[in-house]
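User: Please take a close look at the side-chain contacts in this model. Then set them against the annotated domains.

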Amino acid sequence: MSTPSYQRQVQLYYLDNHGWIRAWLQRKLGNAQDAADLAHDVFVRLLAKPRTFDSDSHARAYLSGMSRNVCVDFWRRRQVEQAWLDVLASRPEDFAPSEEHRAMVLEALQQVHTMLCRLPEKVAEAFLLAQLHGLGNKAIAERLGVSERSVTRYLSDAMYQCLLLEAELDEALV
């Protein structure tokens, strides 16, 4: 929770930096509305995770990095959303989910996608080979060029991250 003095500091950062952040995001996204939303998100994140800066240039550098991150997150969300829409388009209209269900599925898919992106490459690949392709540890080991013991460790790491994600999602529903 941020203090009133920190909120005042963020307000000053907002006044000094919001314009260039929004313009930068608009150039990257080509859309003024999305840029405005993401520029807003940058400062919401700054409020949610208080930081101190040594100088204005330090704050600007941090906000620049945060702007890149929200932009990458936005594109990832769009990729997941498009994949979901492609799947829905291939289904008969009778199977179309409600808007509420659609939003819940998209949120869950985005959380899983984010979790997979955070995993080391071989861990994520082993997990996907096991879960999506049904390969056993030996086949995964051959495919990745690692030992079966490594595959077991990779899958354990991935399952642990799945459990953490499940706990986060359960907590969000409470």
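Analyst: Contacts and domains

Across the whole structure, a search turns up 2 salt bridges (a side-chain nitrogen of Lys or Arg within 4 Å of a carboxyl oxygen of Asp or Glu). This is a predicted model, where local features need pLDDT of at least 70, side-chain atom pairs count only at pLDDT 80 or more, and totals for chains, interfaces and linings use all residues. Numbering runs from 1 along each chain as its sequence is written, and side-chain values use heavy atoms, with hydrogens and water left out.

Take aspartate 34 and arginine 78. They form a salt bridge, with the closest N and O atoms 3.5 Å apart.

Now the rings. The whole structure holds 3 aromatic pairs (centres within 6.5 Å; planes under 30 degrees apart are stacked, over 60 edge-to-face, the rest tilted). Tyrosine 13 and phenylalanine 53 have ring centres 5.3 Å apart and planes at 80 degrees, so this pair is edge-to-face. Tyrosine 13 belongs to helix 1 (residues 4–29), while phenylalanine 53 lies in the loop between helix 2 (32–48) and helix 3 (56–89), so the pair ties together parts 40 residues apart in sequence.

Next, the record. An unreviewed UniProt entry places "domain: RNA polymerase sigma-70 region" at residues 14–79. That span is 86% helix and 0% strand, its end C-alpha atoms 29 Å apart. The unreviewed entry also gives "domain: RNA polymerase sigma factor 70 region 4 type" for residues 110–162. Here the chain is 81% helix and 0% strand, with end C-alpha atoms 13 Å apart. Such annotations may be inferred rather than shown by experiment; feature names are shortened, and positions follow the numbering used here.

Definitions and conventions: Helix = DSSP H or I, 4+ residues; strand = E, 2+ residues; numbered from the N terminus. Phe/Tyr/Trp six-rings, centres within 6.5 Å; stacked < 30°, edge-to-face > 60°.
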